[in-house]
Amino acid sequence: MSMLHLEYQVPGDDFTRAGEASGDVKHKLKKLGYEPDAIRRVAIAMYEGEINLVIHGGGGVAIVDVDPDRVDIALIDHGPGIPDVEQAMQAGWSTAPDNVRALGFGAGMGLPNMKKYTDEMTIDSVVGEGTTVKMAVCPGRK
Amino acid sequence: MTVKELAGICGWRLLAGEDGQENQAEGCYIGDLLSWVMGRAQSGDVWLTVMGNLNAIAVSALADTACIVLCEDAALDQDAAKRAEMQGIPVYGTGENLYRTAIKVHDTLQ
């Protein structure tokens, strides 16, 4: 049982609401007196994840568990899945459509950023069934 | 230096987010691709861009940039202005281009 357990529904195709969950987590971590650098890493990694849920996943769920020594984040969608995870992890690789690029996304930096800012990250994806990304940020480790 | 002082010296107009004007400006980053900015900008950077949408406000809030400066008279969307106001994310506007704005930031923060 974690110190703080949070769950958020992230709607698909609604860019105006992306960032609400990560903003709320950031706010709560600040209140808990979490280390600022760890808060920033959680906020960025989670926002990138939210954006992926909106663009690719058709929406999904974000689950966050906070403990003094780590923040665990799980992003779960039932979208199309990622055929080649290794390719998706490459900086610059993107399948985002033009309307998404016009908003400033789709640079192919989402997953690489999530990896960069977290201490642990796994991607479990099945084509046609969905994707689960799990990340952990441990204060002071990076 | 606060972003308010920097904006005064550089001649930028405040577009939204007055409550955040005491943020400290420590550096500068230029970019329009949001994930690129989140990957590279440092906390406390003055962020120069032409991207005035809701997501830019979210990026600034989550990545802890000191403020946003919309260069070349790029527009700030109405919903973005509202969000910036609500969250205290200072957004400034200038008619100058990104290069000239960056030079001013550099010269002022030296």
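This is a predicted model: local features need pLDDT of at least 70, side-chain atom pairs count only at pLDDT 80 or more; totals for chains, interfaces and linings use all residues.
In strand β4 of chain B, B:Val69 is the bridge partner of B:Leu48. Residues are numbered from 1 along each chain as its sequence is written, and chains are lettered from A and ligands numbered from 1 in the order in which they are written.

Strand β3 (residues 45-49) of chain B pairs with β4(B) in the parallel sense over 4 bridges, pairing being assigned where DSSP finds at least two bridges between two strands. Helices (H or I, at least four residues) and strands (E, at least two) are DSSP runs numbered from the N terminus. Together with helix α3 (residues 54-63) of chain B, β3(B) and β4(B) form a right-handed β-α-β unit; with the strands pointing away from the viewer, the path from the first strand over the helix to the second runs clockwise. Strand β5 (residues 91-93) of chain B is also paired with β4(B), in the parallel sense and over 3 bridges, and B:Ile68 stands opposite B:Val91 of β5(B). The β-α-β crossover from β4(B) to β5(B) passes through helix α4 (residues 78-87) of chain B and is right-handed.

In a regular strand, side chains alternate between the two faces of the sheet. Both faces of β4(B) (residues 67-70) are covered, with B:Cys67 and B:Val69 buried on one side and B:Ile68 and B:Leu70 buried on the other (buried: 20 or more other C-beta atoms within 10 Å of the residue's own, C-beta atoms being placed from the backbone).

How values were computed. A residue is buried if 20 or more other C-beta atoms lie within 10 Å of its own, exposed if 12 or fewer, and partly exposed in between; C-beta atoms are placed from the backbone.
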